[in-house]
Amino acid sequence: MKIRLSALLFVILLLFSVMTPAAYAETPLSADQIVDLAITELKMDDYFAASDKLLDSRYYRTIVHHWPNPALESVRGESWYVRFDAIDKANDSSYVVALHEDGELAFLDVAPSEEWQKSLGTVGFLELLDRYQEVCGMMPHWNQAQLMSFAVEVSKGMPDTRNAWRFQHAVFIPVPQGAISKEEAGRLAAQAADLPVEAAIICVCQLDGDRVIYKVSLGLGSGWLSMVELDCMTGEILLVTPFDHDMHGWTDCYIPQSLMEQVPPAESFLPSNG
């Protein structure tokens, strides 16, 4: 399997904003056809030969998304985004297949399993973050597509810090059709945390197990104050966590509570970066 993962080549940074997606209506191909084409591309390029496993819900979640305006919304200008998200990330890799409107391949990408990562060297989290921020600005202002790309890139090697581990295990996805808007999520989160709506600075869409959630982080001049998780589709408040500066790091603002509870201890990483 020949995939360029070494040196963390930063080929394409995301420069486009993400907007709420529309339905699949008026597209020449259906979502099911797109999934079939995505699997064909993976088999063709030897990314993943055991295609039957990709469609087995015991091993993978399939995330399919159509960008109606690729030039403004998508990750790298594709119309369709398909992610085969591994449930067992220790042993199975996750795969991203991007296709144009007519089903032609736009690009393939992979988030290697933890076992595969061991053979790839170490990811420099701060170096990669700096590269993205040079083009995309500071992370709190990144759009959903930029977060999706960054999380895959940071997975291409062993994590050098707990921050890298957090982003390797977070699954950022496009805001699904029918979800409440990020603006509405921010309003509901501020209300739940008893803070003004302008305190809702970060709002990210991601998977938490099989559930799609928004993670909203709120802060004012004194720093981060609260983190709120909501159901992406209904707006139901799932969890309100006061931000404790003695316990939480800034990257906790981007990941679910379920991941925060699993972050390995500092001594698991490079001594100089723990």
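**Exercise 1. Determine how many residues the largest nonpolar core has, and which of them have the most contacts inside it.**

Solution. Step 1: A nonpolar core is a set of buried Ala, Val, Leu, Ile, Met, Phe, Trp, Tyr and Cys residues joined through side-chain atoms within 4.5 Å. Buried means under 20% relative accessible area, exposed means over 50%, and partly exposed lies in between (1.4 Å probe, protein chains only).

Step 2: The largest such core has 37 residues. Those with the most contacts inside it are M139, W142, L147, F150, F167, F172 and Y254.

Step 3: At least two residues of this core come from each of strand 3 (94–99), helix 5, helix 6, helix 7 (162–169), strand 8 (200–208), strand 10 (223–231) and helix 9 (257–260). Helices (H or I, at least four residues) and strands (E, at least two) are DSSP runs, numbered from the N terminus.

Step 4: Another core, of 23 residues, lies apart from it and includes I63, I180, A185 and L230. In soluble globular proteins, nonpolar side chains tend to be buried together.

The model is predicted: local features need pLDDT of at least 70, side-chain atom pairs count only at pLDDT 80 or more, and totals for chains, interfaces and linings use all residues. Residues are numbered from 1 along each chain as its sequence is written, and side-chain values use heavy atoms, with hydrogens and water left out.

**Exercise 2. State with which residues L147 is in contact, leaving aside its neighbours within four places in sequence.**

Solution. Contact means heavy atoms within 4.5 Å. With those neighbours set aside, L147 is in contact with M139, W142, F167, F172, V204 and Y254.

**Exercise 3. Describe how helix 5 and helix 6 are arranged, and which residues make their contact.**

Solution. Step 1: Axes are lines fitted to C-alpha atoms, for helices over the stretch in contact, and angles run from 0 to 180 degrees between N-to-C directions. The axes of helix 5 (residues 125–136) and helix 6 (residues 144–153) come within 11 Å and cross at roughly 155°.

Step 2: Angles under 35 degrees count as roughly parallel, over 145 as roughly antiparallel, 65 to 115 as roughly perpendicular and the rest as oblique. Helix 5 and helix 6 are therefore roughly antiparallel to each other.

Step 3: The contact is made by F125, L128, L129, Y132 and C136 of helix 5, together with Q146, S149, F150 and E153 of helix 6.

**Exercise 4. Decide whether helix 7 is mostly covered or mostly uncovered, and name its buried residues.**

Solution. Step 1: Seven of the eight residues of helix 7 are buried, and the helix is mostly covered.

Step 2: These buried residues are N163, A164, W165, R166, F167, Q168 and H169. They pack against helix 4 (114–117), helix 5, helix 6, strand 6 (158–159), strand 7 (171–172) and helix 9.

**Exercise 5. Classify V35, L239 and D194 as buried, partly exposed or exposed.**

Solution. Step 1: V35 is found in helix 1 (residues 31–44). Its relative accessibility is 10%, so V35 counts as buried. Leaving aside neighbours within four places in sequence, V35 is in contact with L55, T62, V64 and F84.

Step 2: L239 is found in strand 11 (residues 237–242). Its relative accessibility is 30%, so L239 counts as partly exposed. L239 and V228 are 11 residues apart in sequence, and their C-alpha atoms are 5.6 Å apart in space.

Step 3: D194 lies in the loop between helix 8 (182–193) and strand 8. Its relative accessibility is 68%, so D194 counts as exposed. D194 has a positive phi of about 60° although it is not a glycine.
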